[in-house]
Amino acid sequence: MALILAVDDSTTMRQMVSFTLTNAGHEVVEARSGDEAIKLVKTRKFDLIISDVNMPGMNGIELIRTLRAMPEYKFTPMLMLTTESQADRKQEGKSAGATGWIVKPFNPEVLLSVLGKVLG
Amino acid sequence: MKPLLALLHVYRSKLVVIGLILLVPWAWALAFVPWWVSLASLALVVPAALSFVYFVLPAPQAPRRVNDSENISNEEIARMRETCTGMNELLAEWLSVSQKTQANLEELKRQLHEVITDTESSVIDISNSFRAITGKTRTQMDYAMGLLQTKQQGEDADFDGDAVAKWLSLPDYIRAYEELLNSITERLMRFSSGSLDMVKQQGKVRESAIMVVDLLDEVRSMARQISMLALSSSVSAGGTLTHQKEFVEMADKIRDISDNANDLNRRIREYLDSIRDEMSATHGAMNKMADEAREAAKQAKADVAQLTVTMMMKTQEVAQTLERINALGQEIERDINNIIVAMQFQDINQQKLERLKGPVLNEVSGTIRTIVDETNVLSKKLNLQVGGPPGATLRPFRVAASTPPAKPLAMPAASGASAAEAKPQPEKVQGERKQRPTNGAGDADSDNQVELF
């Protein structure tokens, strides 16, 4: 099973993501902000990253851009999990390097299905 | 008279003090002077007080009137016009800002109501889901316990409502199965011991048969001896009388052999009798064993058939129960998914509330404070223009000190564009409008909610 990094400034959201993915057999590490995520990715190699967009400090799109600049995360699947659904924001995420865009609130079955597709 | 009355009106609060000042030096002498002197003095005090007020205290400034014969300078008129214009503009701006603020507050109120309603819905969803999970978990436990408990006749309506015999619970079933196996084992043990007896019998028969064979060997050797003697006797009978003695000896031998043969016959007969008896006993034992084996086989067959039927029914019952438990487990999983979605709604609503509280409310209260400050400044200017008592102002509005001061509105001389700056902008969180999840209903929206690049 995969090692997944969940980034969100909301504790509740991190716990929901962690609960859903852990029950499916994955290992989940939580980060409260983009800066904390950057520190964590340097210590461990994650198979998938799920990030919120609107966070204090480094937002999700900046985080994706920074991670894509790292050679070891160039091809790692990265999903945005956010309340925003505007087309321009999605395009911005796509341009930054996001693999997918999931609108909150997510259905656990849908999230697991998407995970299955991106992780192969 | 009118000026005096005006003065009295203005200084009405000070009249008591003035009266005391004038009466105290006189009051102490009341005990020492006649009453008519006191009365006369009192009568003189009142005009004294009035004279004091009229001649000593400063006269109040008369309000300036337009029709006053006094000349009002052009500068004062210009200043007053400017102030009135400013006040007019400020009031217009205040009106505009108030209207916008009111609209914003209405929007805020609507959003708060929406947030509260959504939060209530989320909490109700969570509560209902937890209640459902608790009920289903209890039902699962009942199903599982039902496998371990004995059901009475007709108790179990789940099996299509048919009246069923008293089904054994799993532990009872296992115990009964064990007892049955033990009884089958005992019967097999008895059969086995009967077989051993039969083997012993057969051993004895074999020994007797061996003895018979030995005896038959002896008979054979005797027959050989007799034939030899017969040959010898025929040879002797053909010879002379000198050999009579040998003939007698031969006859004796033949007699002995005959006796032996008789003895052998007797023994053989005895052995054959014993063999016959043993064979009879063996036959009886074999018959008995055959009967027991037949009975045991019949009983075992019946027991195994009953066990098989019971096991099939018990297996069916267990399978049905497990199916129900599994179905409940899937429902519980769906309820948990609903809880997860509802908790996300709650989290989103909480973030919305935080966004509303901070910028919007602060900006609205800051705007109001600014308006109040500007109004106070203008009212001071107006008072000075109008010529009120120095330092007199309208009583300023008080605003709660908890809100921080916002950026000031543009002064009336500038323009009326400040209203746009002061307008609070409630943030809208995009894509939030509520899609209440139901079981599997998320599938209909999943295409809109998920996009893979």
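Visitor: Buried here means under 20% relative accessible area, exposed means over 50%, and partly exposed is in between (1.4 Å probe, protein chains only). What percentage of the 453 residues of chain B count as buried?

Guide: In chain B, 25% of the 453 residues count as buried. This is a predicted model, where local features need pLDDT of at least 70 and side-chain atom pairs count only at pLDDT 80 or more, while totals for chains, interfaces and linings use all residues. Residues are numbered from 1 along each chain as its sequence is written, chains are lettered from A and ligands numbered from 1 in the order written, and side-chain values use heavy atoms, leaving out hydrogens and water.

Visitor: And chain A, what percentage is buried there?

Guide: Chain A has 120 residues, and 59% of them count as buried.

Visitor: How many helices and strands are in chain A?

Guide: Five helices and five strands. Helices (H or I, at least four residues) and strands (E, at least two) are DSSP runs, numbered from the N terminus. Reading chain A from that end, you get β-α-β-α-β-α-β-α-β-α.

Visitor: Let's zoom in on α2 of chain A. Which of its residues are buried?

Guide: That helix covers residues 34-43, and its buried residues are G34(A), A37(A), I38(A) and V41(A). They sit on the same side of α2(A) because they cover an arc of only 100 degrees around the axis. The arc is that of the directions from the helix axis to the C-beta atoms. On the other side, K39(A), K42(A) and T43(A) are exposed.

Visitor: What covers those buried residues of α2(A)?

Guide: The cover includes β1 (3-7), β2 (27-31), β3 (48-51) and α3 (60-68) of chain A.

Visitor: At what angle do α2(A) and α3(A) cross?

Guide: Their axes cross at roughly 20 degrees and come within 10 Å. That makes α2(A) roughly parallel to α3(A). Axes are lines fitted to C-alpha atoms, for helices over the stretch in contact, with angles from 0 to 180 degrees between N-to-C directions. Angles under 35 degrees count as roughly parallel, over 145 as roughly antiparallel, 65 to 115 as roughly perpendicular and the rest as oblique. At this crossing, G34(A), A37(A), I38(A) and V41(A) in α2(A) meet L63(A), T66(A) and L67(A) in α3(A).

Visitor: Switching to chain B: how far apart are the end C-alpha atoms of α3 (residues 35-56)?

Guide: They are 31 Å apart, which agrees with the 32 Å that its 22 residues should span at 1.5 Å a residue. The expected span is 1.5 Å times one less than the number of residues. As for its faces, S38(B), S41(B), V45(B), A49(B) and V53(B) are buried. Those buried residues fall within an arc of 105 degrees seen down the axis, so they line one face of α3(B). The face turned away from the buried side carries the exposed W36(B), L39(B), A43(B), L44(B) and F55(B).

Visitor: How does α2 (residues 15-27) of chain B cross α3(B)?

Guide: The two axes come within 10 Å and cross at roughly 140 degrees. α2(B) and α3(B) are therefore oblique to each other. On the α2(B) side, L15(B), I18(B), L22(B), L23(B) and W26(B) meet residues of α3(B), among them S41(B), V45(B), A49(B) and F52(B).

Visitor: Last one. What does S10(A) touch?

Guide: Leaving out residues up to four places away in sequence, S10(A) touches D347(B) and Q351(B). S10(A) is in the loop between β1 and α1 (11-23) of chain A, and with a relative accessible area of 7% it is buried.

Note on methods. Contact means heavy atoms within 4.5 Å.
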